[in-house]
Amino acid sequence: MLLRVVKHYDELTPSEQRALVGLVRLMVRMDGEFTPAEVKAVQSLAKELGATRFWAAMTEANTMEMDELATLVGEVRLEMRDWMYGVLIGIAAVDGVDVAESELLAWLMDTWQLDG
């Protein structure tokens with residue numbers, strides 16, 4: 001199966017948008033530090049997807065609870081899962097994947113039933 005590439009934030013459903021920003025926010029906070037490399041990676045993602053809406057959603061994600069995020073993750077369409085997972089791996093890898101980030105990625109792999 002070819003990896004689907006999202007070119008604009010509007011290609012995601014509203015729940016996928018919230019899941020993406022919630023996961024991005026969680027990923028950059030997993031190791032307790034939002035490094036300059038992570039900042040650049042998130043800025044690049046925002047620019048690619050449409051910065052204004054992306055950053056507004058990131059601000060809204062500040063109040064998202066983990067149970068809400070887990071529900072949203074479960075609503076992500078099959079064809080978007082690999083792409084989102086790739087985005088998160090890319091963000092985690094820019095400064096080295098730590099244990100907490102690895103656990104989040106493993107949870108997503110299991111939840112979304114992705115092939116390793």
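A search of the whole structure, which is a predicted model, finds one aromatic pair. The rings of Phe-54 and Trp-55 have centres 5.5 Å apart and planes at 80°, so the pair is edge-to-face. Rings of Phe, Tyr and Trp (its six-membered ring) pair if their centres lie within 6.5 Å; planes under 30 degrees apart count as stacked, over 60 as edge-to-face and the rest as tilted.

The accessibility of these two residues, and of two others discussed below, is set out in the table. Buried means under 20% relative accessible area, exposed over 50%, and partly exposed in between, with a 1.4 Å probe and protein chains only.

| Residue | Relative accessible area | Class |
|---|---|---|
| Phe-54 | 0% | buried |
| Trp-55 | 35% | partly exposed |
| Leu-78 | 61% | exposed |
| Gln-113 | 69% | exposed |

Residues are numbered from 1 along each chain as its sequence is written. Local features need pLDDT of at least 70, side-chain atom pairs count only at pLDDT 80 or more, totals for chains, interfaces and linings use all residues, and side-chain values use heavy atoms, with hydrogens and water left out.

Two packed helices are described by the angle between their axes and the distance between the axes. Helices are DSSP runs (H or I, at least four residues), numbered from the N terminus. Axes are lines fitted to C-alpha atoms over the stretch in contact, and angles run from 0 to 180 degrees between N-to-C directions.

The axes of helix H1 (residues 14–29) and helix H4 (residues 66–74) come within 9 Å and cross at roughly 125°. H1 and H4 are therefore oblique to each other; angles under 35 degrees count as roughly parallel, over 145 as roughly antiparallel, 65 to 115 as roughly perpendicular and the rest as oblique. Contact means heavy atoms within 4.5 Å. On the H1 side, the residues in contact include Arg-18 and Leu-23, and on the H4 side they include Glu-68 and Leu-72. By class, this contact of H1 with H4 has seven nonpolar, two polar and two charged residues. Ala, Val, Leu, Ile, Met, Phe, Trp, Tyr, Cys and Pro count as nonpolar, Asp, Glu, Lys and Arg as charged, and the others, Gly among them, as polar.

Helix H2 (residues 36–49) and helix H5 (residues 78–93) pack at an angle of about 145°, with their axes 9 Å apart. Glu-38, Ala-41, Val-42, Leu-45 and Leu-49 of H2 meet Trp-83, Val-87 and Ile-91 of H5.

Leu-78 also lies in H5. Its C-alpha atom is separated by 23 Å from that of Glu-65, 13 residues apart along the chain.

Gln-113 is found in the segment after helix H6 (99–111). Its phi is near 55°, a positive value in a residue other than glycine.

Note on methods. Helix = DSSP H or I, 4+ residues; strand = E, 2+ residues; numbered from the N terminus.
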